[in-house]
Amino acid sequence: MAKLDYDGPILEIENLSISFFTRLREIPAVMDFSVTVQPGEAVGLVGESGCGKSTVALGVMQDLGVNGRIVGGSVRFKGRDLGQMSAAELRDIRGNEIAMIYQEPMASLNPAMRIGKQLIEVPMIHEGISESEAWARALEVVRDVKLPDPERIMRSYPHQLSGGQQQRIVIAMALMSKPSLLILDEPTTALDVTVEAAVVELVKDLGKKYGTSMLFISHNLGLVLETCDRICVMYSGEAVETGSIEDVFDKMQHPYTQALFRSIPLPGADKNTRPLKAIPGNFPLPHERPEGCNFGPRCDYFQAGVCDMGDIPMAGIKGDDRHFTRCLRFAEIDWNAPIEAMAQHAATAPGKVVLKMENLKKYYEVAANALFGGSSGKKVVKANETLSFEARESETLAIVGESGCGKSTFAKVLMGLETATEGQILLDNRNIEQTPIEKRDTQTVADVQMVFQNPFDTLNPSMTVGRQIIRALEVFGIGDTDQARRDEMLRLLDLVKLPREFAERMPRQLSGGQKQRVGIARAFAGGARIVVADEPVSALDVSVQAAVTDLLMEIQRKQKTTLLFISHDLSIVRYLSDRVMVMYLGHVVELGTTDQVFAPPYHPYTEALLSAVPIADTRITKKHIVLEGDVPSAMNPPPGCPFQTRCRWKSEVPGGLCEREVPPVRELVPGHQVKCHLSPEMFDQMEPVITVAAE
Amino acid sequence: MEPLSWSEIALRMLGLFLPVWIALIVTFAVSIAFKRRLGLYGKLFDSPIGMVGFAMVMFWVFTGIFGGAFDMILTHDVLSQSATMKNKGPGTPFTQMMGTPDPGAYPYYLLGGDNLGRDVFSRMVAGAWEVIKIAPFASMFSFMVGITLGLPAGYYGGRLDTLLSFLANLILAFPVILLFYLLVTPEIVQTGIPVYMAAVLFLFPIVFLLLLWNSRYHTQPSRRNVYVGITLVIGLWLYLGIAWDADPLGLVSFPPNLLVVFVAVVFVNSPTVFRIVRGLTMDIKTRDYVAAAQTRGERPWYIMLWEILPNARGPLLVDFCLRIGYTTILLGTLGFFGLGLSPESPDWGSTINDGRKLLTMYLHPALPPAFALLSLVLGLNLLADGLREESLRD
Amino acid sequence: MAMFILRRVGVMILTALCLTFIVFFLTNLYPNLEKLAKTQGDFRMSDEEVASYLGRNGYLQPMTVKYGQWLGVVPGFVIEDRDGVTRGQCITPDIAPEDAPRFCGILQGDWGYSTVFREDVGKILSDKLALTGRLMFWVMVLMVPSALILGILAGMREGSRTDRTLSTFAITTTATPEYVSGVLFIAVFASTAVGLKWFKGTATAAMDNPTFENFFLPVLTIALYGMGYIARMTRASMAEVMTAQYIRTARLKGVSFPNIVMKHALRNALIAPFTVIMLQFPWLLNGVVIVETLFNYKGFGWTLVQAAGNNDIELLLGVSVISVVVVLVTQLISDIGYVFLNPRISVR
């Protein structure tokens, strides 16, 4: 069908309220939400999980499922009320005028249908064009999303593509009918950082090329800064602040927005001198929202009798362009007051070396074909190649890399869940690389412990919190009686700042951050001296991340723990680590102190990684480096330097050396080593990726 | 005396089931009152389907217990025949050809008499007991066997898994009826094979419990020894009595023809349970809390029994209900083909088989046991459905 | 792919050997042989007479040797009797002992001789299989499409009234074993007591001349029990697919509901039920035995009951081989079909 010509706002959401109805009660998910998207404009919708941002998207699409209903307000698309449309009219708009891109690319593509067929379906439904015409169009769009060999991709099934390629296909599908509005629901959360950067870049370019308006939903402020013109911050079902990016980022007028910015590690934050300020308390559950301001109980500026009385309307800020805040006291608050000084700590000096790796190698043999394997030959996956480093007491060593870089394998070998193929691991000068965990003595096991990534998976769902900690104490042989162990368990709960009543709770009664604290308590049950923290905060909401990170730091200071902090998030790594190790496809490509790694000269991969990480600070300018393609599979690594397939400096090395030889480890300055063929002169030429504009 | 009308029959039956109604009402009242504190069982009372299923199951459970164990609901002896009552319709007044009429006897055959002049109603009630005393226990044993083998197969994988899966598939490829015909015959009982099979199968619960205690309490040997000791003493005593009929105290024994039925049913059910447990284990072992247990040096059996198994309980519970239903059907099949149980037995399968021969003329002997079996199995299926829905809810 | 099939076939043959050996072992236990001797000879035979009868007929050789002979990998036994008659496994009355072949087992196509029917096992089985094949064909024709349609209709809108109604129906049929539903059907549709008399209560006539009247009830009885199970599987699978993200993608692309069901959901939803249908065979075989007994239809299942009830060893072995092979072949088909239906599994 022909598209409407309309020159007003593309999308007007006015006082939208959405509720879900369960057997017990009505759960309001979105309340009194308003936002307008102008043609060609990109609006970011930011908030923590559970704040209702995805519900808004589904509300726009009028796809709320059986239990959800719009209970108030309206959604108008090009002046027409979507709520009044018939099912057939809605179908005409979906995919044609409004398209959506989702978080999980693999899940949003039909696994049993070839890519091409899924793509050509869109124009065939909406424009009634022939199959061959649609095919030609699809080829063009697939080229537009910069996928290699479009013909082949069109004939593949989704599972034959990588995550990044799948997300590009989802984007292509959304663009097939040149929609006027594109809704992106956390489109890059499931992707690696460097792939994310490329996808974001693509979305921005295509948005311009096709003149599409965008509603960009994300929990990542930095990403919104990079992609959007306007922003709407949501908290617990309500929009708390909307405005242009500059206004909201630099002249915020809502305490939640301010608290959010203070809790994320921006450049300049430091664990000792400028620690993060976590937002106290927990996100309220939908049916336990407080009276008055939802953020009231966690707000520094809360005033009883004002903030806890009745509904709070959005108020406009004079002088700014469409800048609104849902705060009664915004005029009274001194927004420029300096951050209340947080407790500062003297930097702790690293002690003696406790852990030392020398040329550690871990190879796996896997059947080439998982299902029908056997005689068809085995393949060797080189998960870790010549890993060497040492870690000292009370030191935080960050291990950075994207998926498939071998950081998890390394953790497994260290923990004793796997044994090393070659090389050695020395714990207090004792070799442990060939001792599987069942052969290690209790003390060794208790010394090396781990904190896991996924808070929803880290605790046994059918055992109380207290029991799980006591079990760890039993295994580590701590306490002689049940009573002694119980006391010790309560002490550990105090240590991780959880109320003692939590001992009797089941894990499902805890929030993500609280579960992660229990996980930390359990890891420290045997007085661990080396703790491997595998992305301990990446699955948590921004406001909780700071609190959990701080807790880890605090325990580390008290107990002089060596922390091996595995992460892909360079902002947090920069904030808390003393030294950084960057890994790529099983190789350590760069190792040095935090300052050395975050300043030039960089390893080319580190450089790209730094450029890819979105930073939520308007004063920052970043050099733009976009890596082509995906991380190669560890089953099939490229010859020579592992990074040569995506390296932008490759041409600077003469004679194709990068393709032939694995580079040697070179020490640039004492303590800073890089695995690269680049000449010292080239290293000297490197410019900083991140520059902070003078204040 | 005049035969009873249909409404009188219904009223009288309602009255006879009075103890069952009371027990049902008490169960429901107590359960609903405390449903918030009873976990998954309590949540069952939020689901209408689950409640209906539970009511149907408990009706037969109580009927079985009151009728079979306490002799309460029965109106006539299940074996005594009366030549004058042969194939008489429902509600016929009871008469006896021979002997002096017993003045205390119930005056009617409420659901008529079968081809030998036995009371259909009483046989149906007694049939419930035949099922209730075998099916749940046979299912429980199948679960013990399936769990004890399925956990390591799923957890370790590799050769062990290949071997055990092959054996399970072997049994699953056997048509059940063929297996019954081969196994549940007097000749096989003579050879003693069922006893050997029982000897193997009944070891599993003991092994299971020993592993359970040892893995949990190996850090506290004194407590472990107490639990292990108690389990060994009671377990081996029951084991000797049930499997070998050699109880030194002479208290526990198991009739051989029942044993063979029991063994056959456990044997047929275990491989399916094995496959379910194996699949669940393979899924759950990838969770972080399993990795956490491994990194603190827990032994494999602790991880299997205390970290993995409790978290597989939802699907297993659902399957347990279905399995009792399936076992009921299997027992009926055995009865239908006259295998295992004595020919006089009032179990539903046998009575259906007896009744079907004159089915085109007399419906009343075959229909009551058929409906009884149908409603019990349906109740179990509905219960499983309710449990599944409720366990998925959180 | 060839490799995969080859491996599966290998496992299948191994399974078949194990299973037939188990059957062979159980049927050749001494009490069973004793019973056989007494039914063949007379019931008042003394223990010595039984032993000599069994010895004469080669039953007292070691179990593995007998199994080998039956399979046809060990030469058939030849026993010179006291009365001068040479008896042997491969020696039949019309062939002279000298001309008899050395091997005569299953592999040579010699299935043995039925002691109950006094006929060649091979001949009996092929006749009976034809009868049961006809029954199964109609069962499949009735069961599979209706189960799939039922499941898809119920699963495409989970929780709707259609879903509730159809699911309750499906649960009821799975809760009704054949011996219950068969009895109910006969009672309602074929008895004089109810008086509808739409169908015949027995299917004996259907062996020669199947008509709707005499054949529908047995077919319905078998189909109904399996139908509920397949329908529930299909429903669960369909309901799961309908909540998948890619279905939402399709919906938000503007695909109409019928097209979502037909083009996007169906293929994904049918992967699970397909395997279930194939794995139903061991259970269908149960149904066949019950229904053929109930309706007195003298097919394969009926033969099984006769053979097992009378300890007709060679017939029973033949029946076992056939049923085991049928089950295993369907498993193989299910595996291969799964690979074809599911594009996520790549085959090289």
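Okay, quick definition before we start: two residues count as being in contact here if their C-beta atoms, placed from the backbone, lie within 7 Å. And keep in mind that this is a predicted model.

So, let's begin where chain C meets chain B. Chain C puts 40 residues into that contact, and chain B puts in 37. Which elements of chain C give two or more residues to the side that touches chain B? They're α1, α2, α6, α7, α11, α12 and α13. The largest share comes from α7(C), with seven residues. If you sort this side of chain C by class, you get 27 nonpolar residues, 12 polar ones and one charged.

Now let's stay with chain C and look inside it. It's divided into domain 1, residues 1–120, and domain 2, residues 122–341. Taken over C-alpha atoms, the centres of those two domains are 35 Å apart. Where they touch, 27 residues of domain 1 are in contact with 23 residues of domain 2. On the domain 1 side, α1, α2, β3 and β4 of chain C each supply at least two residues. Here the largest share is from α1(C), which gives 10 residues. By class, that domain 1 side has 13 nonpolar, 10 polar and four charged residues.

Last stop, a hairpin in chain A. Strand β24, residues 665–669, pairs with strand β25, residues 672–675, in the antiparallel sense, over four bridges. Val665(A) sits opposite Lys675(A) of β25(A). There are two residues between the strands, and Gly671(A) in this hairpin takes a positive phi near 85 degrees.

Key. Residues are numbered from 1 along each chain as its sequence is written. Chains are lettered from A and ligands numbered from 1 in the order in which they are written. This is a predicted model: local features need pLDDT of at least 70, side-chain atom pairs count only at pLDDT 80 or more; totals for chains, interfaces and linings use all residues. Two strands pair if DSSP finds at least two bridges between them. Ala, Val, Leu, Ile, Met, Phe, Trp, Tyr, Cys and Pro count as nonpolar, Asp, Glu, Lys and Arg as charged, and the others, Gly among them, as polar. Domain bounds come from an automatic or database domain assignment.
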